[in-house]
Amino acid sequence: MLTEGNVETDLRTEFKEAGINQTLHRIYLEVKCNVSILTPYNVIHDTITNQVLLVEGVIIGNIPDAYYNLEGLDQSQMVDIIE
């Protein structure tokens, strides 16, 4: 396997919900490389892409005074809860 040209890198970031007042923040390094795979009868050109996790942290916010789980309710039912 031989590399063709330069390796391309890019930083990626991701935010995910991790609770009522927490957010999970991840930073990845994306690595992309064009390669040639040499076999006895053929040369195969392909691109290999991979992500490497660099940093992961939890951002903690303020604790809310009240929390309502409104999952599964439609809008007409939510008005009754708020009033």
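**View 1. Glutamate 30 is a buried residue of the predicted model.** Glutamate 30 counts as buried because its relative accessible area is 16%, under the 20% limit. The residue belongs to strand β3, which spans residues 22-38. Its side chain and that of arginine 12 are joined by a polar contact of 3.3 Å. Apart from neighbours within four places in sequence, the residues in contact with glutamate 30 are Glu8, Thr9, Asp10, Arg12, Thr49, Asn50 and Gln51. The model shown in this and the following views is predicted.

**View 2. The chain as a whole supplies the setting for the close-ups.** The chain has 83 residues, of which 8% count as buried. Its accessible surface amounts to about 7,100 Å², with 52% belonging to carbon and sulfur atoms. Of the contacts between residues at least 6 apart in sequence, 47% link residues at least 24 apart.

**View 3. Strands β2 and β3 form a hairpin.** Strand β2 covers residues 8-17 and runs antiparallel to β3, to which ten bridges join it. Lysine 16 has leucine 24 as its bridge partner in β3. Four residues lie between the two strands of this hairpin, and glycine 19, in the turn, has a positive phi of about 145°.

**View 4. Strands β3 and β4 form a hairpin.** The pairing of β3 with β4 is antiparallel and extends over 17 bridges. Within this pair, valine 35 stands opposite aspartate 46 of β4. Four residues separate β3 from β4 in the hairpin.

View 5. Arginine 26 is located in strand β3. The polar contact between the side chains of arginine 26 and glutamate 56 is 2.6 Å. Leaving out neighbours within four places in sequence, arginine 26 is in contact with Arg12, Thr13, Glu14, Lys16, Leu53, Val55 and Glu56. Arginine 12, which also has a side-chain polar contact with glutamate 30, is 14 residues from arginine 26 in sequence, and the C-alpha atoms of the two arginines are 8.3 Å apart.

**View 6. A nonpolar patch lies on the surface.** The patch is formed by Leu11, Val52, Leu54 and Val55, which together have about 360 Å² of accessible area. Strand β4, residues 43-60, contributes the largest share, three residues. Valine 52 is situated in β4. With a relative accessible area of 40%, valine 52 is partly exposed, because this value lies between the 20% and 50% limits. Val55, another member of the patch, is also among the residues in contact with arginine 26.

View 7. Glycine 61 is placed in the loop between β4 and α1, the latter comprising residues 75-82. Glycine 61 is partly exposed, its relative accessible area being 37%. Between glycine 61 and glutamine 22 there are 6.0 Å from C-alpha to C-alpha, although the two are 39 residues apart in sequence.

Definitions and conventions:
Residues numbered from 1 in each chain as written. Predicted model: local features only at pLDDT ≥ 70, side-chain atom pairs only at ≥ 80, totals over all residues. Heavy atoms only, no water. Buried < 20%, exposed > 50% of the residue type's maximum accessible area, 1.4 Å probe, protein only. Contact = heavy atoms within 4.5 Å. Areas by Shrake-Rupley, 256 points an atom, 1.4 Å probe, with all protein chains shown as cover. Polar contact = N/O pair within 3.5 Å; in protein donor to acceptor, adjacent residues only side chain to side chain. Patch = residues over 30% accessible without salt bridge, like charges linked within 9 Å, V, L, I, M, F, W, Y side chains within 5 Å. Salt bridge = Lys/Arg side-chain N within 4 Å of Asp/Glu carboxyl O. Pairing = 2+ DSSP bridges.
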